[in-house]
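Q: I'd like to go through the aromatic side chains in this one with you. Can we start as soon as it's on screen?

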Amino acid sequence: MHKSRKLALMAGMTVITVVAGAVPAAADQWPFDGVPPDKSTHSYCYTSSVDSTLKSYIPGAMNYLADATTIPGVPLHATCDTKNSNEDGDPATDVAWFKIWIDGAYGEAPCKVRTASNSSICDQRFAKINSSVIEAGPDAHHQYIKTVCHELGHTAGLDHYSPLASPPEPPGAFGQPQDCMASGEVTRIGSPSGSWTWTYNQHHINDANPWWA
């Protein structure tokens with residue numbers, strides 16, 4: 001990756017994380033919650049709830065996802081298509097971003113629309129960011145980075161893990177470095193300015209790549 005490209009990604013990226021204290025599901029499952037994404041481009045859109053602060057973190061995260069994986073592009077859609085192809089002839093926008101209150105979490109990414117051809121595959125997830133909780137924390141900037149990256153990872157099928165659990169769950173897999181799929185408050189996991197807050201480790205990339213290969 002060119003240095004200028006990397007710096008641009010770092011400046012614009014955000015990550016999503018479950019609030020410390022929440023009990024995570026079993027770590028390192030693929031796909032996240034048992035529902036894989038469709039195999040097309042990973043398109044995204046902003047709902048009217050997304051303000052300029054949150055919006056500033058998203059494009060870098062989307063571009064990094066495209067660069068780090070075999071996903072064939074992450075186009076921005078001007079509007080959010082919330083219907084699958086059975087309803088309007090086109091697939092739904094894969095990632096619809098929201099700024100919204102979520103009880104007890106920094107963010108979440110539930111599947112809201114299933115594909116027309118296969119109800120076991122997700123056509124659209126809502127990537128929800130709890131800005132109120134993030135901005136009340138000790139390092140809002142890096143928490144945004146981590147949380148956006150984290151929730152976006154879920155939309156690509158990546159699971160979370162908890163380095164703050166007792167005993168801690170391994171970071172993706174034993175021997176892998178921490179990455180943004182770690183659950184918890186960003187300053188408690190590692191250096192908030194570290195690249196782990198906006199990247200996926202090799203184990204998680206290897207989870208996703210075969211799906212789009």
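Q: What lies over the face of W211?
A: In this predicted model, the residue over the face of W211 is K39, which sits at 4.3 Å from the ring centre.

Q: What happens at the start of α8?
A: There a side-chain oxygen of N201 comes to within 3.1 Å of the backbone nitrogen of H203.

Q: Switching to ring pairs, how many aromatic pairs are there?
A: The structure holds six aromatic pairs, and one of them is formed by Y57 and Y144, which are stacked with 4.9 Å centre to centre and 15° between the planes.

Q: Where do Y57 and Y144 sit in the chain?
A: Y57 is in the loop between α2 (52–55) and α3 (58–68), whereas Y144 belongs to helix α6 (residues 140–155), so that the pair links distant parts of the chain, 87 residues apart. Both Y57 and Y144 are buried.

Q: Why is the pair of F98 and F126 called tilted?
A: The ring centres of F98 and F126 are 4.6 Å apart with the planes at 40°, and because stacked needs under 30 degrees and edge-to-face over 60, the pair counts as tilted. F98 lies in strand β2 (residues 95–99) and F126 in strand β5 (residues 122–129), 28 residues apart, and both F98 and F126 are buried.

Q: Which residues form one aromatic cluster?
A: That cluster is made up of Y64, W198 and Y200.

Terms used
Residues are numbered from 1 along each chain as its sequence is written. This is a predicted model: local features need pLDDT of at least 70, side-chain atom pairs count only at pLDDT 80 or more; totals for chains, interfaces and linings use all residues. Side-chain values use heavy atoms; hydrogens and water are left out. Rings of Phe, Tyr and Trp (its six-membered ring) pair if their centres lie within 6.5 Å; planes under 30 degrees apart count as stacked, over 60 as edge-to-face and the rest as tilted. Helices (H or I, at least four residues) and strands (E, at least two) are DSSP runs, numbered from the N terminus. Buried means under 20% relative accessible area, exposed over 50%, partly exposed in between (1.4 Å probe, protein chains only). A charge sits over a ring if NZ of Lys or CZ of Arg is within 6 Å of the ring centre and within 35 degrees of the ring normal. A polar contact is a pair of N or O atoms within 3.5 Å; within protein, one must be able to donate a hydrogen and the other to accept it, and residues adjacent in sequence count only if both atoms are side-chain atoms.
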